[in-house]
Amino acid sequence: MNLRRAGLALAELEKHFGAREAISGATLSVESGELAALLGASGAGKTTILRLIAGHLDPDGGEIWIGGKSMEGVPPEQRNVGMVFQSPALFPHLTVRRNVSFGPARRGAARAEAAALAGEMLDLLDLGALADRYPRQLSGGEQQRVAVARALALRPEALLLDEPLSGLDPAYRRELRGRLRELQRASGATTVWVTHDQEEALSVADRVAVLGEGRIQQFAAPLELHTRPANGFVARFVGKMNLLAAVRDPARANGFRLRGGPSVLAAADSLPSDQSAPQAPATLGIRPEAVLIGHLPPSPGFNTAGAVVRRIGFLGDRLEIELEIEGGQLLTARGNTLFQNLAREGDRVRTHWPVADTRFLESA
């Protein structure tokens, strides 16, 4: 990883609070102009990483680089960083225009220059008509847009968004996240967006870092996270994943025998270089969307097993079918309502899923 070329880079970052290890060996490189999401549950360390980048916390180890410059010893006010919090935290006694111009003015911009920057940012966020209002006269969504305008007015090298949409209703969140994504691209700011919302992270980010137990478990494009999770933690956390217990089947290349069930194949590119001993426990992951029901597999390259339909759930535009496969393990299939014509609860069926979508998962 070239720390000098990245828009923002973390190298082996460490942070402890007493005996608790909050961040351990966090390493990632965000390209200039890229939007990276930090996705994790509460307490995973997402906000701690943002505060370390912004300089509000000092790391116990590792390096932080912004725009090709090391941040070691650089105080927060000298880092070219804009930050948006869960709460807009606007100055209640200042108008919208003056809230947005405050940062540039504090950094030494002349009054006219600061006002021009504020006007540009307000226009970008469709807030020009609200420029002379006070925060108390705005809705929650409007306040958050002002907070984003204030951060962008600093022309930051790094824009840090800490759960920026968490206080908004779902419909407005979806609308505003698309707008913020457009603005981020237009501004060219290297951006880190913290969220616990998987849909939000996967829909806005170029790449997503999944955090768990203070560690970055995987940093990859959304599609790769979904189809090729690096380990069991990512597979369980991102979306829904069928996890099947198995052991190696030495009689077949890439072969595994499901617990009490048939022999299947795993995708070769998911296997570790050091192959497990034949009887070592293994976990295979299959996304529900990859599971099919029918008498015959649609083409070569599919695993197959007999199953009994245990439950059918209606999810609006699709069905979720829980299957008990040979050996007693449960396998969930998701598909459109055509599934309704293929199975009923209690039916005995054949189920199939692609070998390419059968992932061997390292534990985590």
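The buried residues of helix α2 (residues 96-106) are covered by elements that include α3 (111-124) and α4 (140-152), where cover is judged by contact, meaning heavy atoms within 4.5 Å. Helices (H or I, at least four residues) and strands (E, at least two) are DSSP runs, numbered from the N terminus. Within α2, the residues that count as buried are Val96, Asn99, Val100, Ser101, Gly103 and Pro104; buried means under 20% relative accessible area, exposed over 50%, and partly exposed in between (1.4 Å probe, protein chains only). An α-helix has 3.6 residues a turn, so residues three or four places apart point the same way. Just after α2, Gly108 takes a positive phi of about 105°.

The model is predicted, with local features requiring pLDDT of at least 70 and side-chain atom pairs counting only at pLDDT 80 or more, while totals for chains, interfaces and linings use all residues. Residues are numbered from 1 along each chain as its sequence is written, and side-chain values use heavy atoms, leaving out hydrogens and water.

Taken as a whole, the protein contains 8 helices and 20 strands, and its C-alpha trace spans about 75 × 45 × 35 Å along its principal axes. Of its 364 residues, 51% are buried. Among contacts with a separation of 6 or more, 67% join residues 24 or more positions apart.

Glu14 is buried yet forms no salt bridge, and Arg215, the nearest side chain of opposite charge, is 7.4 Å away. A salt bridge here is a side-chain nitrogen of Lys or Arg within 4 Å of a carboxyl oxygen of Asp or Glu; Lys and Arg count as positive and Asp and Glu as negative, with His and the chain ends not counted. A polar atom of the Glu14 side chain does, however, lie 2.9 Å from the backbone nitrogen of Gly25. Beyond its neighbours within four places in sequence, Glu14 touches several residues, including Ile23, Ser24, Pro59 and Asp60.

Most residues other than glycine have a negative phi. Glu163, in the loop between β7 (158-162) and α5 (170-187), has a positive phi of about 50° although it is not a glycine. Glu163 is buried, with a relative accessible area of 7%. Asn254, in the loop between β11 (242-248) and β12 (255-258), likewise has a positive phi, near 60°. Asn254 is partly exposed, with a relative accessible area of 26%.

Conventions:
Polar contact = N/O pair within 3.5 Å; in protein donor to acceptor, adjacent residues only side chain to side chain.
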